[in-house]
Structures are given as structure tokens and as C-alpha cells.
Amino acid sequence: TTLAQLHTILQIVMGWEDCHHLHQLVIGCRLYSAPDPDDDIYERKVIDESRVPLAEVVPRVGTQFTYLYDFGDSWEHDLGAGSHPAAGGETATQYPTCIGGERRTPPEDLGGTPGYEQYLVVLADPEHEEHTNMLRWRGPFDPETFAAALVNQRLQKQFRSRKPAKAASRSEEHTSELQ
């Protein structure tokens, strides 16, 4: 897994859409991200995350690092490398798996923590003047829910091996030719 893939995993787990927002991982004293033309202007010394394996920079359980997403909203996450024993001692899947979570992630582009707090106030009050607009913008939202099964479906779709999918599509083509 590269750091770029970790970014994709985090986006899926958080339920975000990677809406052209900048992000970065800070591991030790180094900054990893997708290179941006404005890095020089902002004097950001970025190491290309697509070229760095996660295991190379987070080599052991307990390693702590930071993930920052959307520099305007400043969603900062403190992460730590951990381990989770797979059933039978071996991994049955070839893609990342979410083992749990609590509460739903704030939607993107709300204005960070203060914007999210206001969003929840507006949604909780059907009489609030912005209630209808917020519902139109994002739809219903329950901050207390977290659907690990849905996260895992999305992770599997993004990261599962493509070989079985190709084999399945070939057999479907064969079946349709026979009908």
C-alpha cells in the first residue's frame, strides 16, 4: 500500500469524495502528498505520496502520524499504526477492511468544525430558516450512524483484485452468447 492508496482508503472510510481538496500526511518531520504546482509558492517541501510504501515510513505498530484533509476546513486526523489479527491468522481478503467505527463523518465543504456544528443545529431544527436548503444540499444526515459494511463494500470495490472480476465478466459474456 502506498501513501496515495492510504489517502484513498481514508477518503472511503470517511465517506468523502476527494473533491479536489489538498491533503497531506506528516510522518516524523516529512510531508507526503500529491505534488501540486503551488507547492513552491507556499514553500511546501512535498515527497510524492504515490512513490512511498506505507510500510517504509510507518514500519511498526505504534507509529503515530497526522493526516490533514481540505486545508480550508482543516480536517486533521491523528493516526497510529496498529494490528488486528485476522481470523485463522491469515488474511482472507486482498483489500483493506474497516473493523469498526463510531459516528458518521461530517460532509465535505461545511467550513470545518464550526461549520459542522452549525450544520447539525440547522438539521435538528425543522423551523430553522436554512433547514430546507441544507436538506436539498446534502439530504438527510444522521451523525450517530456508521455503516462499516458499506465502507467495506466501497473498499472492496476500489481495491479488490481485478483478475476475478475479469474472469466473471468473461463467463457472463459466454452465457449471454448462449442465450
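Start with tryptophan 16. Is tryptophan 16 buried or exposed? Buried: the relative accessible area of tryptophan 16 is 7%, and the cut-off for buried is under 20%. Keep in mind that this is a predicted model.

Now the partners. A search of the whole structure gives 4 aromatic pairs. One of them joins tryptophan 16 and tyrosine 69. The centres are 4.9 Å apart, with 20 degrees between the planes. Planes under 30 degrees apart count as stacked, so this pair is stacked.

Where do these two residues sit? Tryptophan 16 is in the loop between α1 (3-14) and β1 (23-27). Tyrosine 69 belongs to strand β4, residues 64-69. So the pair ties together parts that are 53 residues apart in sequence. Both residues, tryptophan 16 and tyrosine 69, are buried.

Next, tryptophan 75. The ring centres of tryptophan 16 and tryptophan 75 are 6.1 Å apart. Their planes meet at 35 degrees, so this pair is tilted. Tryptophan 75 lies in strand β5, residues 75-80. This pair therefore ties together parts that are 59 residues apart in sequence. Tryptophan 75 is buried as well, with a relative accessible area of 9%.

One last item, with a charge. Which residue lies over the face of tryptophan 137? That is arginine 138, at 4.6 Å from the ring centre.

That's it from me. Over to you.

Methods: Residues numbered from 1 in each chain as written. Predicted model: local features only at pLDDT ≥ 70, side-chain atom pairs only at ≥ 80, totals over all residues. Heavy atoms only, no water. Phe/Tyr/Trp six-rings, centres within 6.5 Å; stacked < 30°, edge-to-face > 60°. Helix = DSSP H or I, 4+ residues; strand = E, 2+ residues; numbered from the N terminus. Buried < 20%, exposed > 50% of the residue type's maximum accessible area, 1.4 Å probe, protein only. Lys NZ or Arg CZ within 6 Å of the ring centre and 35° of its normal.
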